[in-house]
Amino acid sequence: MKIGMIGLGKMGLHLTKNMLDHQIEVAAYDVSEEAVNEAVKFGAEAAKDLADLVAKLPTPKIVWTMIPAGAPTQETLQALSRYLEAGDILIDGGNSFYEDSVKNSRELAKKGIHFFDVGSSGGMEGALKGGNFMIGGPSEVFSTIEPLFEKIAAPNGYLYTGPAGSGHYLKMVHNGIEYGMMQAIGEGFDLLMHSPYDYDNEKVAEMWNHGSVVRSWLMELAANAFRKDNQLESIKGIMYSSGEGRWTVEEALKRQVPMPVIATSLMMRYRSLEDDTFTGKVVAALRNEFGGHATSKK
């Protein structure tokens with residue numbers, strides 16, 4: 001089996017090495033020549049552009065894109081559709097919005113190109129040593145690419161989820177859950193930092209990860225972070241978001257499904273981007289006006 005990999009960032013490059021380690025040939029392309037050279041060091045075959053990459057693949061051609069969602073993905077898929085033929089397979093492994101994947105599948109099907117939307121989880125470590133994959137697309141073609149996932153996924157770490165859109169929908173919900181879990185962990189350690197006791201954050205996280213109800217990979221990662229910097233003094237508390245948490249909340253509103261934990265965790269991410277908020281100013285001013293409550297001056 002030979003795969004064309006487009007997008008050699010941290011995830012794409014690690015997936016490339018994972019494939020190569022499992023005797024899957026890879027032709028690799030990225031707009032960064034340096035990234036392509038890194039892939040070549042692992043044993044990938046360099047492609048100079050999209051047309052060259054497609055030309056290096058056997059029939060049916062299987063191309064996997066691992067690039068940012070939105071315009072970069074849409075433009076790349078559109079360009080690839082000019083080089084691929086009926087019967088070829090195109091995999092979007094990025095964090096695309098599921099409705100975009102439904103549309104992409106419909107448009108590519110007009111040319112006979114089989115489209116799969118694959119939600120990829122497990123982080124860089126998973127991409128390298130055994131990832132977690134949620135796979136949507138035509139059921140009658142899945143058997144063609146299933147051997148790929150059998151090799152690169154963790155044991156029991158992939159699932160065919162149904163028609164196009166279902167893979168990215170499942171990944172969207174997965175990331176929404178992730179938002180809530182991380183927010184809860186962060187709030188818990190925040191309270192410990194304000195407690196009357198002198199806890200060692202690393203030791204707490206390490207202990208909790210051995211037999212407790214809250215043990216998890218996220219808690220393991222927390223222990224790793226505290227090991228490097230026990231009070232996390234070297235970083236700011238800014239929590240960026242990739243968009244999947246927002247999509248999850250928007251979908252919940254559309255389906256009228258209550259998601260207070262995930263919605264609040266999303267709002268807290270937005271709040272972390274600001275040192276001060278006008279909302280806070282208004283509330284402080286109102287409290288001062290009606291009750292004479294103290295305000296903090298700059």
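Ala, Val, Leu, Ile, Met, Phe, Trp, Tyr, Cys and Pro count here as nonpolar, Asp, Glu, Lys and Arg as charged, and the others, Gly among them, as polar. With that sorted, the second largest pocket can be described: its lining divides into three nonpolar, three polar and four charged residues. They are D276, G280, K281, A284, A285, A294, T295, S296, K297 and K298, and the space inside comes to about 210 Å³. A pocket, on a 1 Å grid over the protein atoms alone, is an open set of points where a 1.4 Å probe fits, with protein on both sides within 12 Å along at least five of seven lines; lining residues have an atom within 4 Å of a point. Grid points are joined across faces, edges and corners, and the volume is the space filled by probe spheres set on the points.

A word on the model itself: it is predicted, so local features need pLDDT of at least 70 and side-chain atom pairs count only at pLDDT 80 or more, while totals for chains, interfaces and linings use all residues. Residues are numbered from 1 along each chain as its sequence is written, and side-chain values use heavy atoms, with hydrogens and water left out.

Now for the whole protein. Its C-alpha atoms fill a box of roughly 75 × 40 × 35 Å, taken along the principal axes. The secondary structure comes to 13 helices and eight strands, where helices (H or I, at least four residues) and strands (E, at least two) are DSSP runs numbered from the N terminus. Of the 298 residues, 41% are buried, with buried meaning under 20% relative accessible area, exposed over 50% and partly exposed in between (1.4 Å probe, protein chains only).

The eight strands form an open sheet with mixed pairing, in the order β3-β2-β1-β4-β5-β6-β7-β8. Two strands count as paired if DSSP finds at least two bridges between them. Further in, β1 (residues 2-6) runs parallel to β4 (residues 62-65), and three bridges join the two; G4 stands opposite V63 in β4. Strand β4 is also parallel to β5, this time with four bridges, and T65 faces D92 across that pairing. Four bridges likewise join β5 to β6, again parallel, with L90 partnered by F115 in β6.

In a regular strand the side chains alternate between the two faces of the sheet. Strand β5 is covered on both faces: I89 and I91 on one side, and L90 and D92 on the other, are all buried. As for β6, seven of its eight residues are buried.

Helix α1 (residues 10-21) lies across β1, β2 (25-29), β4 and β7 (131-136), running at about 170° to β1. Helix α8 (residues 166-193) touches β5 (89-92), β6 (114-121), β7 and β8, and makes about 15° with the direction of β6. Contact here means heavy atoms within 4.5 Å. Axes are lines fitted to C-alpha atoms, for helices over the stretch in contact, and angles run from 0 to 180 degrees between N-to-C directions.

The peptide bond from T59 to P60 is cis, with omega near -5°, and P60 is in the loop between α3 (50-55) and β4. N156, in strand β8, has a positive phi of about 60° although it is not a glycine. N156 is also exposed, with a relative accessible area of 83%.
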